[in-house]
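Subject: Handover of a structure and the findings

Dear colleague,

Please find the structure for your review below.

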Amino acid sequence: MAEKGVAQLWRKIKAIYTIQGDHCTNCDTYYFPPRVVCPKCRRKGQLEKYTFKGLGKIHTFAIVRQAPDTFKRQIPYIVAQVELDEGARLTAQIVNCDIEDVHIDMRVRSCFRKITEYGESGIIVYGYKFEPTMKVTGHE
Amino acid sequence: MGKKVAIVGVGMSKFGELWNKSLAEISLEAGMYAIFDAQVKGKDIDGLIIGNMSAGRFTGQEHLGAQAADWGGLGDLPAYSVEAACASGGAAVRQAYMAILSGQHDIVLVLGTEKMSDVNQSMAMDTISVASDWEWEGMFGATFPALYAFMARRHMKEYGTTEEQMSLVTVKNHKNAVHNPWAQFRKPVPLEVVMSSGLLADPIRVLHSSPISDGAAGLVMCSVERAKEFTDTPVYIEASTQASDTLALHDRADICRMKAVVSSSRNALKETGLAIKDIDVFELHDSFTISEIIISEDIGIVKKGEGGKAVEEGLTEIDGKFPVNASGGLKARGHPIGATGVAQIVELALQLRGDAEKRQVDGVEKAMSVNIGGTGATSIVHILGR
């Protein structure tokens with residue numbers, strides 16, 4: 001038996017560290033999080049691993065002001081649905097951005113951050129958050 | 001078309017924070033009231049189905065079917081619980097409906113139950129968020145209110161829905177709950193109090209959200225042929241439909257529309273040959289007030305985007321054209337998760353029998369409930385008639 005969270009996280013490290021999902025070459029749809037079968041094509045689907053570029057825009061967002069213990073220290077924080085340029089959408093926190101400045105359609109790029117912890121002495125989860133793009137980095 | 005399965009008894013426990021009662025006690029209370037109401041004998045009940053989302057996490061106890069049969073002295077009858085997140089109660093009603101229609105069971109006791117106040121608020125929030133896609137939404141910091149805030153913000157942008165309209169749903173449902181003896185909050189709240197209540201996840205405030213509740217609801221259901229053995233005022237399920245959508249909200253092209261609600265409500269209307277205007281009273285799943293607005297659009301009370309305006313114009317008041325949540329809804333009656341879908345049916349049965357006292361809608365012939373799970377990944381619709 002694995003300690004709580006260890007196996008559960010280990011098996012999806014690629015997905016949450018590098019934003020790796022799938023591309024169905026049959027219907028040309030990108031999926032994140034990774035899928036076992038293409039829900040559109042089912043048995044005809046051809047899923048190939050695909051690492052997303054990590055660029056997108058905010059589809060919708062919320063400012064979280066009441067959260068479970070694992071997120072309490074961060075409140076108020078922004079959580080959003082980010083629409084990646086390839087078409088898939090995911091849910092992530094937005095950082096390096098004041099809560100007054102966030103808006104729908106804001107351009108964002110992924111960054112690597114600590115996400116949460118499994119309890120007080122549990123393992124630490126790292127993965128993607130998103131931040132506003134900056135001209136200097138060439139991301140627009 | 002027509003009558004499929006009968007409801008001959010209804011019962012409720014009080015909804016609220018019931019610190020002095022256990023999960024088994026409130027379940028038993030609702031079940032016994034339903035049995036007394038039906039005047040059925042315990043030995044005649046041949047099946048027990050319980051809607052419950054997460055007793056294991058909320059109280060540490062699973063295997064609720066055997067527990068309730070044991071505590072209720074119901075003998076060796078088949079007993080089990082079903083889970084579909086916040087739609088667990090509706091799923092239990094639908095299981096009983098199918099069991100009776102199939103001929104496998106004659107008389108079924110249906111319970112919906114949840115005991116949420118045995119854990120602290122943080123644990124409760126954690127448990128509620130497993131109704132969404134926990135691994136890819138909850139773990140990344142999207143609380144349950146945040147997911148509904150996602151929908152609300154898009155709805156505001158695309159259709160001009162306002163915070164005031166979302167707040168008016170609360171005002172209406174609290175006003176209705178004053179006359180519901182089982183409701184958790186039996187007091188009206190003025191609009192300005194709703195609009196200045198604390199923020200959970202902007203734009204959603206505390207008073208746009210259903211509370212954390214304990215409570216149970218019960219029904220005795222039987223075949224149409226046997227209904228008159230027990231009561232002169234049976235009500236009938238005319239359609240019971242269910243549909244699914246993506247588990248995660250971010251996988252839906254349009255997050256302002258609950259596709260599972262659209263299809264399950266259309267199928268229910270088709271099965272009964274009714275149009276939405278033929279329905280006299282509705283119980284719609286207002287876990288957050290934005291969901292009452294979205295569901296009222298998705299079932300066709302109004303066009304997409306006009307749900308907020310409908311509330312403003314009084315269309316969904318008890319004396320309006322489409323009365324929604326005369327019971328107070330999840331917002332004010334309370335939302336013990338697994339109990340909600342059953343409590344909706346209890347309310348509609350009372351409305352059809354003319355027993356809803358001061359919250360009675362005039363001349364109810366047909367009634368509809370919409371019970372959703374998660375952010376709309378499950379939708380269960382029932383149409384009832386007299």
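Which residue in β7(B) is the bridge partner of V108(B)? The bridge partner is M221(B).

Some conventions come before the details. Residues are numbered from 1 along each chain as its sequence is written, and chains are lettered from A and ligands numbered from 1 in the order in which they are written. The model is predicted, and local features need pLDDT of at least 70, side-chain atom pairs count only at pLDDT 80 or more, and totals for chains, interfaces and linings use all residues.

Strand β4 of chain B

Helices (H or I, at least four residues) and strands (E, at least two) are DSSP runs, numbered from the N terminus. Two strands are said to pair if DSSP finds at least two bridges between them. Strand β4(B), residues 107-115, pairs with β7(B), residues 214-223, in the antiparallel sense over 9 bridges. With β2(B), residues 47-51, β4(B) pairs in the parallel sense over 5 bridges; there, V110(B) is the bridge partner of I49(B).

A residue is buried if 20 or more other C-beta atoms, placed from the backbone, lie within 10 Å of its own; with 12 or fewer it is exposed, and in between it is partly exposed. In β4(B), 9 of the 9 residues are buried. I107(B), L109(B), L111(B), T113(B) and K115(B) point one way from the strand, while V108(B), V110(B), G112(B) and E114(B) point the other way. In a regular strand the side chains alternate between the two faces of the sheet.

The nonpolar core

A nonpolar core is a set of buried Ala, Val, Leu, Ile, Met, Phe, Trp, Tyr and Cys residues joined through C-beta atoms within 7 Å. The largest has 164 residues, of which V110(B), L219(B), V220(B), M221(B) and V342(B) touch the most other members. Helix α13(B), residues 337-353, supplies the largest share of this core, 10 residues. Two residues are in contact if their C-beta atoms, placed from the backbone, lie within 7 Å. Leaving aside residues up to four places away in sequence, L219(B) touches several residues, including I7(B), V110(B), V342(B) and V346(B).

Chain A

Chain A contains 3 helices and 8 strands, and 33% of its 140 residues count as buried. Its C-alpha trace spans about 45 × 45 × 25 Å along the principal axes. An open sheet of 3 strands in this chain has the order β2-β1-β3, with antiparallel pairing. Its edge strands are β2(A), residues 29-31, and β3(A), residues 47-51, each of which pairs on one side only. Strand β1(A), residues 20-24, is joined to β3(A) by 5 bridges, and Q20(A) stands opposite T51(A).

Where the chains meet

The contact between the chains takes 23 residues from chain A and 22 residues from chain B. The side of chain A that touches chain B comprises 14 nonpolar, 6 polar and 3 charged residues. Here Ala, Val, Leu, Ile, Met, Phe, Trp, Tyr, Cys and Pro count as nonpolar, Asp, Glu, Lys and Arg as charged, and the others, Gly among them, as polar. Among the elements that each supply at least two residues to this side are β4(A), residues 55-64, and β7(A), residues 107-117. Strand β4(A) is also joined to β5(B), residues 199-202, by 2 bridges in the antiparallel sense, and I63(A) stands opposite D202(B).

A colleague
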